[in-house]
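These are my notebook entries on a structure that I am reading for the first time. I record here what I looked up, entry by entry.

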Amino acid sequence: MGEIGEWRHLCVDMQRMFAEDTPWHVPWMARVCPQIEELAVRHPSRTIFTRFLPPEHADDMPGKWRDYYQKWWMMTGEHLPRGFIDLAPSLASLVPPARHFDKRTYSPWIDGRLHPILQSERVDTLVITGGETDVCVLATTLGAIDLGYRVIVLKDAVCSSADDTYDASLELLHDRFSVQLELMKTEKFLSGFG
């Protein structure tokens, strides 16, 4: 694995709206939560939980996002119970010292706030967990690679709604980004740095 610099655990969208009975439910989330909890409990001050925040109304969003939320109207703020944007309870208790980072798109990098925060903390490595591997985790990972971070994706701590897209995403990341990205299991990461 080699030396690791200043790192942060970037946990993607482990929220009640994906963990509970909603149209966006990700059943597999329960399988990865123990690994995420173990890392976050050991390193809460290094953990940043992103939260995907739907708009209050579909018309609050620009372009094709408006169409997206017209399709998923039941997941907008006017219909979704407020508490569903919160982290899963087992993770919410870690904030603080862990932190939230709220975003309106799949990627946390688009609005330009996260990268300067990490740069001010001299972070050069991101350990990525959460969901979904083929949507928000993928967008987070590719953005981190573009920004020059060393990226470690914990393959037993990311999840998707479907096994085939999970497998395809990890295969793509491993095959095409092997210089900038490492895939490993949580136990291996924790044994080296936890």
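Entry 1, pairing. I began with the term itself: two strands count as paired if DSSP finds at least two bridges between them. By that rule I looked up E1 and E2, which pair in the parallel sense over four bridges. I noted that the model is a predicted one.

Entry 2, the sheet. I then asked in what order the strands of the sheet lie. Six strands form an open sheet, ordered E3-E2-E1-E4-E5-E6, and the pairing is parallel. I marked strand E3 (99-103) and strand E6 (181-184) as the edge strands, since each pairs on one side only. From one strand to the next, I found that the twist averages 25 degrees.

I looked up strand E4 (residues 125-131) and strand E5 (residues 150-159) and found parallel pairing over six bridges. For Gly131, I noted Cys159 as the bridge partner in E5.

Entry 5, the neighbours of E2. I next looked up E2 and E3, which pair in the parallel sense over five bridges. There I noted that Phe52 stands opposite Lys103 in E3.

Entry 6, the cover of E2. I asked how many residues of E2 are buried. Six of its six residues are buried, and I noted E2 as mostly covered. I recalled that in a regular strand the side chains alternate between the two faces of the sheet. I therefore checked each face separately, with buried meaning under 20% relative accessible area. On one side I listed Thr47, Phe49 and Arg51, and on the other Ile48, Thr50 and Phe52; all are buried, and both faces of E2 are covered.

Is Thr47 buried or exposed? I recorded a relative accessible area of 0% for Thr47, and so it is buried, the cut-off being under 20%. Leaving out residues up to four places away in sequence, I found that Thr47 touches His9, Ala40, Ala98 and Arg99. With His9 I also noted a polar contact, side chain to side chain, at 3.1 Å.

Technical notes. Residues are numbered from 1 along each chain as its sequence is written. This is a predicted model: local features need pLDDT of at least 70, side-chain atom pairs count only at pLDDT 80 or more; totals for chains, interfaces and linings use all residues. Side-chain values use heavy atoms; hydrogens and water are left out. Buried means under 20% relative accessible area, exposed over 50%, partly exposed in between (1.4 Å probe, protein chains only). A polar contact is a pair of N or O atoms within 3.5 Å; within protein, one must be able to donate a hydrogen and the other to accept it, and residues adjacent in sequence count only if both atoms are side-chain atoms. Contact means heavy atoms within 4.5 Å. Axes are lines fitted to C-alpha atoms, for helices over the stretch in contact, and angles run from 0 to 180 degrees between N-to-C directions.
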